Amino acid sequence: MITTVIGSYPKVAKDTYSTKLIGTIARWQRGEATGEQMESVARDITNAVIAEQEAAGIELVTDGQIRWEDLVTPFAGKLDGIEINGLTRWFNNNVYYRRPVVRGEPTRRGPVLVEALRFAKSCTERPVKAVLPGPYTFATVSEDRHFRSPRRFVRRMAELLNEEAQALAAAGAAMVQFDEPAIGFGKTDMKLAAEGLAIAAQGVKAKTAVATYFGSLNGLFDALMRTPVDVVGIDVVSDPTSLRSLSRARITKELGIGCVDGRNTKLETVTQLHAVFNALRRRVPLDRVYVSPNCGLEFLPHPQALAKLRRLGEAAASYRATRSANR
Amino acid sequence: MLLTTSVGSLPKPDYLLEARAKVRRGEMTAEELRGLEERATRDWVRIQEELGIDIVVDGEQYRGDMVAYFAEHLGGFAQSELVRSYGNRYYRKPIITGKITRSRPVTVEWWTFAQGLTAKPVKGMLTGPYTIMDWSFNEAYPTRRAACLAIARVIRDEARDLERAGAQYIQVDEPAISTRPEEMDLAIEALGIVTRGLKAHTITHICYGDFHAIGRKLDRLPVDQIDLEFANRDFELLEFFRRRRFAKAVGLGVVDVHTHRIEDADQVAQNLRKALTVFRPERVYVDPDCGLKTRSVEEAIGKLRTVVEATRRVRASLSAGGRRGRKVAAGAT
């Protein structure tokens, strides 16, 4: 059982690192701070965020996505053919993202997130996971004025994401994760989503994962098991029945289990988490399981996000200790 | 007919923004701030009267966030550290930590103050239970439903107190209502607890989101009037209503609150006439799309002036032409 996070982490923390990023970005937007000043603040925070994950007992870390406005803008904003438009609600959250609008053939001029990965790797000895939006989710939350065909849009995005995923793997990402909250949220064209993932994950020389959250994989799990990614991630908080339905599923891959609520401040108990681990153990060898919060931690204020990470680390450690003692 | 109003919030003048920052830094007392909030409220009531707005609001000069304001004044809530909503914008999302209670009225004193400044009706402004629940963390209630209904009961008490104080219009904002279509029935049930037995004209304002997912249930919202954004969707929503019977009054947002540009009154009048091919004029209230608090004071005044001026033009053509006028209006589209 490996502890990990989905991706995002609070960008500001009054109690540990700082709220400096808010003012620095505001000054940068007004032209009163340079890009380097802003990057330097963001790098300091990234460093602190990775250190917090390490100290909390997270084994597979991310850079916390400190410079990300939302899941799609960092990648979409660097492509030709796509412009970033108005604010739209991010699934069923009181959080907003800027909607990409495809106006021409999207093309990737070069690596987008590779530098950030290199920096994150320089902050830690632990393996670092790189995160990308999944092609199906990217298409779902965007407006297509170019392809006029969901399938062509998803396939093209999958090709571009695949190029990026290969570059991230080459730069040393231990895992490349495609975030697909649109899978299982409302009506899902699972065939198309699977087609996109197959293209996106092809030839990537690192472990690949798909993370689903906010919705329910009820009825879609088997199809995800047939996609060529190594890890299938499910959110057992948003849909608590999904843990039970695993018993009927054919589990042929490693699993990511999102079992700490990243959208509510109420802190899980160690007992609750152990109950999840026990339920899992009956269905799949625990050495094939990643445990994490159900989604990025940025929906929480920093003190609660950190408390939840520590609780996850603590629950995993004590669970392993009892298991090996009983052996 | 075609009464003009605004959705609720109006921008805070610079002196008030500075004062609020000073209070946060401990450089100004709450009483000094209160004086400035009263001054700003007085100004906004006078401005609305001068513009010719029919149903006045107090402008919420004393409120920060529409959910946090209630959370701060009700029992059972704690304040959180910052959470990001988008871009570089952060807010403090309330945390429900215990039983939700209301030890005294939250908005009645400000409503009474504003109503004392004008002979026009002042609208009572509340945030709805579903939105307060959805925009808070919940550590105390076993389910979202339990939290929502508990909030509904204290907002009901507040609505009754507003009515007792003399409010003829009470608006209960539910911008979160379209977030989870599967919870629409819960939102309706909670709003029903708030509005049941009120004699005041009740309104709910809805914005952002998947309108088509909830549209079919709009008729079931237990209020007299539903206020919606029309301008920032280029009046596409009209087509939704054209095909169905709609028993409620409608609040018609005719100017966009997200743009700096002040709309042209002729253009707005034309859109309003188009709307009157779908809604009967006596069932229509005219206002901006949403609260104006994110605009500058000058932009807000400009947009309200456009609302009033466009409405005047349409009223004039309606009363001049009688039935003929309505035909002309339809023909203009």
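Residues are numbered from 1 along each chain as its sequence is written, and chains are lettered from A and ligands numbered from 1 in the order in which they are written. Because the model is predicted, local features need pLDDT of at least 70 and side-chain atom pairs count only at pLDDT 80 or more, while totals for chains, interfaces and linings use all residues.

Let's start with chain A. Its open sheet has 7 strands in the order S1-S10-S9-S8-S7-S6-S4, with parallel pairing. (Strands are DSSP E runs of at least two residues and helices H or I runs of at least four, numbered from the N terminus; two strands pair if DSSP finds at least two bridges between them.) At the edges sit S1 (2-3) and S4 (129-133) of chain A, each pairing on one side only. Further in, S6(A), residues 175-179, runs parallel to S7(A), residues 207-211, over 5 bridges. One place to look is A:Met175, whose bridge partner in S7(A) is A:Lys207. Helix H6 of chain A (residues 150-170) lies across S4 and S6 of chain A, at about 170° to S4(A). (Axes are lines fitted to C-alpha atoms, for helices over the stretch in contact, and angles run from 0 to 180 degrees between N-to-C directions.)

Now for where the chains meet. Chain A puts 24 residues into the contact and chain B 21; residues are in contact if their C-beta atoms, placed from the backbone, lie within 7 Å. On the chain A side, H1 (20-29), S2 (79-89), S3 (96-108) and H11 (302-326) each supply at least two residues, and H1(A) gives the most, with 3 residues. That side divides into 12 nonpolar, 6 polar and 6 charged residues (Ala, Val, Leu, Ile, Met, Phe, Trp, Tyr, Cys and Pro count as nonpolar, Asp, Glu, Lys and Arg as charged, the others, Gly among them, as polar).

Over in chain B, S3(B) (residues 82-86) and S4(B) (residues 89-92) pair in the antiparallel sense over 4 bridges. B:Val83 has B:Tyr91 as its bridge partner in S4(B). This hairpin has 2 residues between the strands, and B:Gly87 takes a positive phi near 45°.

Finally, look at H10(B) (residues 265-275) and H11(B) (residues 297-321), whose axes come within 8 Å and cross at roughly 55°. That makes H10(B) oblique to H11(B), since angles under 35 degrees count as roughly parallel, over 145 as roughly antiparallel, 65 to 115 as roughly perpendicular and the rest as oblique.

How values were computed:
Two residues are in contact if their C-beta atoms, placed from the backbone, lie within 7 Å.
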